[in-house]
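Morning, everyone. Let me put one model up on the screen and walk you through it.

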Amino acid sequence: MNPKPTSGYGLRLPADYHTHTALCKHATGAPAEFRQAAATAGLAAICFTDHCPEPSGYDARHRMSLAQYPDYLDLVQPLQDGEAPVVLLGLEADFFPGTEPFLREWLPRQPLDLVLGSVHYIRDWGFDNPDYLKMWESVDVKGVWREYFSLVSAAVDLRLFDIIAHFDLPKKFGHRLRDNVMTEMVQPVLDRIAGAGMALEINTSGWRRDVAEAYPSPLILSLACERNIPITFGSDAHVPGEVGHEFAKAVRLAREVGYSESLQYRKRQPSRSPLPRD
Ligand SMILES: [Zn+2]
Ligand SMILES: [Zn+2]
């Protein structure tokens with residue numbers, strides 16, 4: 001029996017477009033091991049998306065320095081040998097106010113296949129970092145979400161990223177909003193993403209956290225689907241064993257809310273690919 005190819009690469013599950021390397025200082029394993037894990041999981045492709053260098057010294061504990069960027073290319077590019085699964089080169093570009101001049105000047109010149117845009121900080125608070133979890137006790141949760149989404153909106157408006165990563169990250173430790181509040185808050189941001197022609201990532205790492213739910217939530221994903229915002233899949237793997245984590249479940253979730261396709265990227269050019277069926 002010849003199963004019909006279900007992705008652009010003829011493999012079963014979509015590409016993993018969110019993985020890290022040891023250069024971010026909190027991931028372990030060689031890129032070749034990540035690729036092997038992608039092969040074992042039956043993924044179409046894997047993209048390395050380590051945290052973008054930031055010459056200002058912003059959050060230096062979680063990223064490569066600009067001087068280490070050639071080391072990143074040396075880690076990933078030798079794996080781009082045409083063998084399956086395909087290996088792509090990307091970055092997770094963390095947005096914060098002040099980084100715009102650097103990103104505008106530097107990012108478009110890099111030989112990347114895709115760029116994730118993400119927000120991890122509200123002012124100087126790493127709100128998704130377990131080390132600063134206590135801070136959540138003294139903040140207005142709704143105000144945090146509002147501030148977070150205004151940063152995401154600013155990231156979208158930069159028009160420098162292809163995909164918004166882990167869109168509802170502030171829920172990581174369980175700080176959720178009621179559905180009606182979330183719907184009201186999130187719709188203008190989704191409209192902006194749709195207007196910018198960007199994609200949303202289904203990030204499966206939420207299934208490994210307290211919140212026990214992928215990013216974004218099924219509610220947000222269905223609002224995104226209504227707006228025809230395309231999707232990609234990312235495990236946010238920091239060890240090889242996390243590559244493709246719960247991708248079959250993520251594909252089911254995408255189908256349940258109405259998606260039938262995801263995007264694949266080459267040299268920052270997206271193309272559509274049908275989602276596999278169970
Ligand atoms: Zn991230
Ligand atoms: Zn990440």
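Start with Pro-216, which sits in the loop between strand 6 and helix 6. Helices here are DSSP runs of H or I with at least four residues, strands are runs of E with at least two, and both are numbered from the N terminus.

Before I go on, the ground rules. This is a predicted model, where local features need pLDDT of at least 70, side-chain atom pairs count only at pLDDT 80 or more, and totals for chains, interfaces and linings use all residues. Residues are numbered from 1 along each chain as its sequence is written, while chains are lettered from A and ligands numbered from 1 in the order in which they are written.

Back to Pro-216. Is it buried or exposed? Pro-216 is buried, because 26 other C-beta atoms lie within 10 Å. The cut-offs: buried takes 20 or more other C-beta atoms within 10 Å of a residue's own, exposed 12 or fewer, partly exposed falls in between, and C-beta atoms are placed from the backbone.

What does Pro-216 touch? Leaving out residues up to four places away in sequence, Pro-216 touches Phe-167, Asp-168, Leu-200 and Leu-221. Contact means that the two C-beta atoms, placed from the backbone, lie within 7 Å. For Val-141, 75 residues away along the chain, the C-alpha atom is separated from that of Pro-216 by 18 Å.

Now the peptide bond. From Tyr-215 to Pro-216 it is cis, with omega near -5 degrees. There is another cis bond to show you, from Ala-84 to Pro-85, with omega near -10 degrees. Pro-85 lies in the loop between helix 2 (69-76) and strand 3 (86-94).

In general, strands of a sheet pair through backbone hydrogen bonds, either parallel or antiparallel.

Asp-16 has Ile-46 of strand 2 as its bridge partner.

Look at strand 6 (residues 199-203). Why call it largely enclosed by the rest of the structure? Because 5 of its 5 residues are buried. Ala-199, Glu-201 and Asn-203 point one way, Leu-200 and Ile-202 the other, and all are buried.

Strand 6 has partners on the screen too. With strand 5 (residues 163-164) it pairs in the parallel sense over 2 bridges, and Ile-164 stands opposite Leu-200. With strand 7 the parallel pairing runs over 4 bridges, and Ile-202 faces Phe-233.

Now the connections. Strand 5, helix 5 (residues 179-196) and strand 6 form a right-handed β-α-β unit. Strand 6, helix 6 (residues 218-226) and strand 7 form a right-handed one as well. Right-handed means that, with the strands pointing away from the viewer, the path from the first strand over the helix to the second runs clockwise.

Last topic: backbone angles. Most residues other than glycine have a negative phi, and most peptide bonds are trans. His-166, in the loop between strand 5 and helix 5, has a positive phi of about 25 degrees. His-166 counts as buried, with 27 C-beta neighbours inside 10 Å. Lys-25 has a positive phi too, near 75 degrees. Lys-25 belongs to the loop between strand 1 and helix 1 (31-40), and is partly exposed, with 13 other C-beta atoms within 10 Å.

Methods. Pairing = 2+ DSSP bridges.
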